[in-house]
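Please keep the structure open beside the text as you read.

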Amino acid sequence: MDFTLTETDVALQRTVREFAQRELVPGARERDAAEKFSPALFRRLGDLGLTGLGIPLERGGAGGGLVQTCIAVEELARQDPSASLWLLVSLSLTAVAIERYGTEEQKGRYVPPLARGKAVGAFGYTEPDAGSDAAGLQTLATRRGDSYVLNGSKIFISNGDVADTFLVFATTDRAKRAKGVIALIVERGTKGFTQRRQAEKLGMRASSTAELHFEDCAVPAANLVADESAGFKTAMSILDASRPAIGAQAVGIAQGSLDLAVRHTKQRRQFGQPIADFQGVQWMVADMATQVDASRLLVYRAADLKDRGLPFTKEASMAKLFASETAMRVATMALQLHGGYGYFKESPIERFFRDAKITEIYEGTSQIQRLVIARHVLAETPG
Ligand code: CAA
């Protein structure tokens with residue numbers, strides 16, 4: 001068992017860390033206040049090759065796998081969690097998904113612009129009545145000649161109002177539930193397809209969120225990803241492969257919160273000494289650091305299993321569950337250590353505290369992760 005990163009991975013980590021400190025930190029607070037996705041910064045992620053991680057070089061990608069994606073996402077989230085979300089939705093939920101399940105024609109057309117950061121991707125799954133119950137999709141896809149005609153709406157779609165390429169899930173027959181789900185690639189600008197921005201989020205405010213509306217929207221049948229019977233399983237395995245990256249985002253948020261807390265406790269003096277000298281504070285720091293490390297190990301274990309082609313669904317859910325709850329807990333402790341200073345926007349800890357919450361909700365709530373883990377444990381363990 002080897003827990004050390006390769007030299008190439010350390011170089012990637014250093015590059016992303018320096019980029020995030022230099023280019024993300026300066027405007028993070030303003031983008032959060034203005035709820036502003038930055039196309040220019042997204043393109044910079046492309047310049048660095050981050051939008052092509054896990055995608056073969058011949059398709060405009062940067063190679064590597066999920067471990068490398070997690071390294072990049074963690075370092076971005078450590079400084080600006082919203083920017084890590086732009087990347088992981090476009091990459092893990094769209095580009096890598098099309099690369100894995102698309103036809104040669106779909107891969108040739110849609111993956112290179114996404115991999116180079118010239119196009120943004122989004123994953124159109126969640127609906128007003130289909131959140132945790134992923135088989136309950138209501139958006140209808142009706143086959144008419146060479147097209148599928150979409151009618152229905154999506155909600156809470158990350159990158160939704162800035163994306164060019166959407167991986168949209170719909171049902172050919174609501175009564176069939178999971179067996180009726182299909183996946184289609186839908187281009188921005190397709191007739192009958194509109195987006196409506198959803199503003200005023202608690203956290204991840206510099207990420208874009210939108211409703212998607214489809215009204216007699218004809219999508220070429222050639223844009224069907226996987227076959228008609230495999231849509232639900234494709235969605236589930238795309239989510240499996242993305243959950244370690246959400247875990248990495250949560251680790252980045254937790255690590256960023258810990259960094260801020262340590263810096264503050266060394267500077268803040270009370271009772272004639274830095275508060276870092278108090279044992280009560282040190283115990284909090286020790287708990288935070290231990291939980292961050294445990295989360296990181298779970299995340300990299302899940303990503304490594306995936307990259308080696310081994311089963312990883314349970315491990316991905318464990319990583320996502322533990323890391324997201326750690327992010328919330330560590331951000332809460334870090335804010336507590338800032339005292340009143342943490343309650344104002346002057347300190348980034350206030351933003352990390354707000355950003356942490358969504359990691360327990362999207363890509364499967366903590367309750368859904370527990371359900372997935374328990375199903376595996378019960379199936380694996382003899383009665
Ligand atoms: N991989 C492959 N196949 C899978 C699978 C997986 N991980 N999980 C289930 N399946 C298969 C099952 O084997 C079953 O196949 P058969 O019919 O051949 O037996 C089929 O799919 C149906 O499975 P279930 O009966 O287990 O389905 P279910 O209705 O009980 O749902 C669930 C299972 C795990 C709860 C699922 O609904 C789920 O994951 N819900 C959460 C949805 C979610 O994560 N949404 C996030 C939206 S995207 C997002 O948040 C993006 C963002 O903004 C960043």
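## Pockets and ligand

Helix 1 (7-34), helix 3 (66-79) and helix 7 (279-307) each give at least two residues to the lining of the second largest pocket. Helices here are DSSP runs of H or I with at least four residues, strands are E runs of at least two, and both are numbered from the N terminus. This is a predicted model, in which local features need pLDDT of at least 70, side-chain atom pairs count only at pLDDT 80 or more, and totals for chains, interfaces and linings use all residues. Residues are numbered from 1 along each chain as its sequence is written, and side-chain values use heavy atoms, with hydrogens and water left out.

A pocket is an open set of points on a 1 Å grid over the protein atoms alone, where a 1.4 Å probe fits and protein lies on both sides within 12 Å along at least five of seven lines; lining residues have an atom within 4 Å of a point. Volumes are the space filled by probe spheres set on the points, which are joined across faces, edges and corners. In the class counts, Ala, Val, Leu, Ile, Met, Phe, Trp, Tyr, Cys and Pro are nonpolar, Asp, Glu, Lys and Arg are charged, and the others, Gly among them, are polar.

The second largest pocket has a volume of about 620 Å³. Among the 23 residues that line it, Asp-2, Phe-3, Tyr-300, Arg-301 and Asp-304 are the closest to its centre. Helix 7 supplies the largest share of this lining, eight residues. By class, the lining has eight nonpolar, three polar and twelve charged residues.

Now to the largest pocket, which holds about 1200 Å³ of space. It is lined by 43 residues, and Thr-126, Ile-361, Tyr-362, Glu-363 and Gly-364 are the closest to its centre. Helix 6 gives the most to this lining, six residues, and the lining divides into 22 nonpolar, twelve polar and nine charged residues.

What takes up the space of the largest pocket? The ligand does, where sitting in a pocket requires more than half of a molecule's atoms to lie within 2 Å of its grid points. Around the ligand are 22 residues, with Lys-233, Asp-240, Arg-243, Glu-363 and Arg-375 the closest; a residue counts as near if one of its heavy atoms lies within 4 Å. Helix 6 again gives the most to this shell, with six residues.

The table lists polar contacts, which are pairs of N or O atoms within 3.5 Å.

| Residue | Protein atom | Distance to a ligand oxygen |
|---|---|---|
| Ala-134 | polar backbone atom | 3.4 Å |
| Ser-158 | polar side-chain atom | 2.9 Å |
| Lys-233 | side-chain N or O atom | 2.6 Å |

How values were computed: Polar contact = N/O pair within 3.5 Å; in protein donor to acceptor, adjacent residues only side chain to side chain.
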